[in-house]
Each structure stands twice: as structure tokens, then as C-alpha cells.
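Please look over the model below.

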Amino acid sequence: MKAHIPRALTIAGSDSGGGAGIQADLKTFQELDVYGMSAITAITIQNTLGVHGVYPLPPKAVAEQIEAVGSDLGVDALKTGMLFNAEITRLVAQQIRLFGWNNVVVDPVMIAKGGAQLLQNEAVQALIEDLLPLSRVVTPNIPEAEVLAGMRIRTMEDRQEAAKRIHALGAEYVVIKGGHDQGVGLLTEDNNTIIDLVYDGTTFTKLDGERIDTVHTHGTGCTFSAAITAGLAQGQSVLHAIHNGRLFIQAAIEDGLHVGNGQGPTNHWAYQRRLQGGER
């Protein structure tokens with residue numbers, strides 16, 4: 001009898017620069033020994049200098065990609081990234097409900113690091129109403145958490161309140177990432193630590209990581225959420241998958257590739273090389 005192969009699906013946009021979106025997700029799945037599949041929502045024209053164009057696919061094409069994967073290959077866990085508009089968001093949620101998938105990680109991608117809008121305003125409400133209630137984990141950064149929670153975040157107490165509000169929208173676990181907290185009163189005393197806040201509806205858990213002084217952080221959110229998805233596909237508990245995802249992205253940032261002339265990508269093979277004792 002053949003061993004079960006963990007399978008993970010990413011529903012997101014394509015990044016021509018390879019650092020974020022579908023490309024980052026599939027690299028992460030591969031590095032974590034999970035079979036990766038994709039449903040592309042939009043083609044983005046990107047490099048390390050920014051997003052130069054966005055071409056959404058017809059919503060029907062997105063839904064049909066999901067149906068093709070789900071009806072044949074099967075899905076143990078999935079993540080959503082850039083969904084772009086309300087119609088795509090609702091059709092994605094519809095497909096998730098039809099297949100009854102439970103291990104759903106929502107990365108509520110709204111704005112690219114360079115400032116380009118990746119989720120239309122009317123799609124935010126669709127994400128809140130249709131997708132969050134289906135999610136096992138949602139992974140907003142602080143600006144995204146402010147939109148989802150409908151409040152400003154300036155202190156750790158604010159972040160805890162925002163996590164409670166987002167949890168009330170239907171997400172089982174809320175992870176508010178700390179990478180955007182610099183300068184808004186959330187830093188630790190040494191200003192060198194990032195805190196990711198996890199909330200499960202009852203308990204707050206703080207995951208600390210060293211803040212790395214680098215501009216090469218393109219695709220960190222995609223990669224982190226993909227690593228969590230890979231863990232869920234392998235049968236890990238949610239907290240275990242989040243913890244391992246944190247280790248994966250920390251290694252990817254620390255052992256940077258330093259390619260491109262702007263905000264470069266992270267190093268997706270760093271984590272496994274460390275585990276194998278390879279050179280950094």
C-alpha cells in the first residue's frame with residue numbers, strides 16, 4: 001500500500017519575479033515535502049522594484065482550476081492569497097464549501113509592499129463575509145488586521161482586541177504578524193524583536209523572532225502562510241504548523257539571496273539547508 005502524500009493547494013496570484021504569490025507558495029510546499037497544486041487568480045507583472053501590472057483571470061477560470069484539482073488530486077490543506085475582486089473571492093469560498101475542505105489558511109493579501117492594491121475595496125467585504133468563516137487560520141499583518149477588525153492598532157492591547165474581533169468573524173485561529181509594528185508602539189525594549197500574536201478564541205500566544213535589517217522581504221507573508229498550510233497538510237496541529245512556519249520564514253529572511261535592485265525575495269531553501277547542516 002502506497003504511503004499518503006500530503007497535498008496542498010494555493011489559490012493566489014502569479015508573481016513573475018518569483019518571490020511571492022503562487023511561485024513562493026509552490027517553492028515552500030516543495031521544501032517542506034508537500035505536493036503543491038495551484039489555482040491562479042491573476043497574473044501580476046512584478047520584479048523587486050514593484051508591481052507593474054495586474055491582469056485578473058475570469059472568475060470562472062479560477063473556479064474551474066479549483067474544481068479540477070479537487071475532483072482528481074485531492075486537497076489536504078489549502079491557502080488563499082491574492083483574490084483581487086469580490087466575484088473571485090465568493091467563487092473561491094463556494095468551491096471550498098462544495099468540497100468541504102477544513103484546513104483553510106487565509107492570507108488576506110490587500111496591498112503589495114510597494115503600495116500596489118491587490119484586493120479591490122468591494123472584495124474586502126466578500127472576504128470577511130464569505131471566506132473568513134471557512135478559515136482555520138488567518139494571517140493578517142497589522143495594516144490588514146486594522147481593515148478586518150475595523151480599528152487602529154497602536155499597542156499590544158490593540159492587537160489583542162483586533163484578534164478577538166477577527167476571530168468573531170469566523171476564523172478559528174488568528175495570527176497577527178508583527179513585521180509592520182515598527183514605529184507604532186509595539187516593539188520590545190531592544191527594538192530588535194518581532195512578535196507574532198496567535199489567538200485561538202481563548203488563549204493568546206506570542207511567537208518571538210529577531211528583526212533582520214534587510215529590504216529583502218518580498219513574499220514573506222505568502223511564504224509564512226504557505227508553510228503553515230504545508231504543516232496542516234501533513235497533519236500537524238495548528239499551533240505546531242504556525243510555529244514551524246515561523247521558523248521557516250525566519251530562516252528564509254536571515255539567509256537572504258540578495259537578488260534584484262529593490263525589495264528582493266526571501267530564501268526558500270534556507271530552512272532545509274539548516275536542518276541538513278548545510279552551509280549558510
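The model is predicted. Strand E1 covers residues 7–15 and strand E2 covers residues 35–47. The two run parallel and are joined by eight bridges. Ala8 has Gly36 in E2 as its bridge partner. Between these strands comes helix H1, residues 21–31. E1, H1 and E2 together form a right-handed β-α-β unit.

E2 also pairs with strand E3, residues 50–56. Here the sense is antiparallel, and the pairing holds six bridges. Ile45 stands opposite Gly53 in E3. The link from E2 to E3 is a hairpin of two residues.

E4 in turn runs parallel to strand E5, residues 104–106, with three bridges between them. Leu78 faces Val104 in E5 across this pairing, standing opposite it. From E4 the chain passes through H3 to reach E5, in a right-handed β-α-β crossover.

Is E4, residues 77–80, covered on one face or both? Both faces are covered. Ala77 and Lys79 are buried on one side. Leu78 and Thr80 are buried on the other.

## Packing of H2 and H3

Helix H2 spans residues 59–72, and helix H3 spans residues 86–99. They pack at an angle of about 20°, with axes 9 Å apart. H2 is therefore roughly parallel to H3, as angles under 35 degrees count as roughly parallel. The crossing of H2 past H3 is right-handed.

Which residues meet at this contact? On the H2 side they are Pro59, Lys60, Val62, Ala63, Ile66, Glu67, Gly70 and Ser71. On the H3 side they are Glu87, Ile88, Leu91, Val92, Gln95 and Phe99.

## Ile142 in H5

Ile142 sits in helix H5, residues 142–149. Is Ile142 buried or exposed? Its relative accessible area is 3%, so Ile142 is buried; the cut-off for buried is under 20%.

How far apart are Ile142 and Ile111 in sequence and in space? In sequence, 31 residues separate them. In space, the C-alpha to C-alpha distance is 12 Å.

Key:
Residues numbered from 1 in each chain as written. Predicted model: local features only at pLDDT ≥ 70, side-chain atom pairs only at ≥ 80, totals over all residues. Heavy atoms only, no water. Helix = DSSP H or I, 4+ residues; strand = E, 2+ residues; numbered from the N terminus. Buried < 20%, exposed > 50% of the residue type's maximum accessible area, 1.4 Å probe, protein only. Pairing = 2+ DSSP bridges. Right-handed = clockwise from strand over helix to strand, strands pointing away. Axes fitted to C-alpha atoms, helices over the stretch in contact; angles between N-to-C directions. Parallel < 35°, antiparallel > 145°, perpendicular 65-115°, else oblique. Left-handed = near helix turned anticlockwise from the far one by under 90°. Contact = heavy atoms within 4.5 Å.
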